[in-house]
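Today I wanted to go through the metal sites. Notes are below, in the order I looked things up.

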Amino acid sequence: MTRFQLTIWGARGSIPAPAAANTRFGSDTSCIEVRCGDHVLVLDAGTGVVGCGRKLCCEGVRDLDILFTHCHFDHIMGLPFMMPLYTEEAVVRLHAGHFLDKTSCRSMVERFMRPPYFPVTPKQFTARIDYRDFRPPKVLDLAGGVRVRTVRLNHPNGAVGYRIEYAGRSFCYITDTEHEPGKPDVAIRDFIAGSDLMIYDCMYTDEEFPTFQGFGHSTWQEGVRLCRAAGVANLIIFHHDISRTDAWLEALATTARKAFPGAIVARTGLTIDIGEGVRILEGG
Ligand SMILES: [Zn+2]
Ligand SMILES: [Zn+2]
């Protein structure tokens with residue numbers, strides 16, 4: 001059996017949202033662990049990466065790729081607390097390609113982890129760090145037969161969408177991005193076409209969207225429209241606004257499922273296997 005799994009470690013947008021009313025869906029920001037056979041990928045290093053890193057260390061994982069969609073705080077703020085970076089025998093490749101100027105992945109991390117903003121610098125990482133730069137639509141061929149396609153997203157300061165392909169299956173990670181109402185983003189539609197699943201920036205609803213135009217985010221209804229247009233059967237509603245409580249997200253899950261049976265609201269701990277078709281293993 002082919003193991004091609006993803007686990008959500010953080011599904012919030014903007015900033016963590018710890019509150020008693022948010023315990024079911026979780027409070028951590030963007031981080032997804034991906035297992036392609038024995039190979040490990042991590043998508044984004046929001047606060048969810050802290051727990052993810054601890055687990056990877058406990059499991060003895062010593063080789064991994066971290067792919068950043070972009071470097072807004074909610075997607076990188078967990079990085080300084082990620083244990084594998086402080087594990088001497090580990091090899092960690094960091095990939096970034098969203099920049100609209102000549103910024104490199106290395107300088108992104110160095111500029112973020114430095115005094116007076118933070119006391120620890122990347123020099124204190126004891127793992128072997130390999131910084132890798134690309135620009136979309138570059139295709140990244142990673143170890144273990146994992147192919148990653150890339151696309152530019154519509155987001156302030158740039159962002160990259162990923163399509164992870166392994167063993168004849170694929171899923172797409174499309175956050176953060178803004179759509180134009182009434183006009184599908186054809187670049188995204190073509191990019192996700194025929195994929196098994198899409199994780200999508202569903203920060204807002206269509207009803208709220210006029211208030212938030214220009215913020216760089218999208219709606220769950222737009223996620224449904226994209227999935228329909230591209231023949232993608234499964235949608236993971238992701239990047240929840242911090243105002244969304246468990247009760248609100250439960251209600252959204254019911255509404256979204258009625259509109260699109262393959263819609264699932266992301267929560268910390270949600271684990272899905274794609275290897276033999278999409279199957280929820282935990283947290284559905
Ligand atoms: Zn974000
Ligand atoms: Zn962002």
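What follows are my entries on the two sites and the residues around them.

Ground rules first: I am working from a predicted model, where local features need pLDDT of at least 70, side-chain atom pairs count only at pLDDT 80 or more, and totals for chains, interfaces and linings use all residues. Residues are numbered from 1 along each chain as its sequence is written, chains are lettered from A and ligands numbered from 1 in the order written, and side-chain values use heavy atoms, without hydrogens and water.

Zinc ion (ligand 1). I found Asp74 (OD), His75 (NE2), Asp176 (OD) and His239 (NE2) coordinating it at 2.1 to 2.2 Å. Donors here are N, O and S atoms within 2.8 Å of the metal (3.2 Å for Na, K and Ca); water is not among the atoms, so sites may look incomplete. I checked the angles: they run from 88 to 164°, which makes the arrangement irregular.

Zinc ion (ligand 2). I listed His70 (NE2), His72 (ND1), His155 (NE2) and Asp176 (OD) as its protein donors, 2.1 to 2.7 Å away. The angles of 89 to 173° make this arrangement irregular.

Burial. I looked up histidine 70 and histidine 155, and both are buried (under 20% relative accessible area; exposed is over 50%, partly exposed in between; 1.4 Å probe, protein chains only). Histidine 75 and histidine 239 are buried as well.

Conventions:
Tetrahedral: all angles 85-135°; square planar, octahedral: opposite > 155°, others 65-115°.
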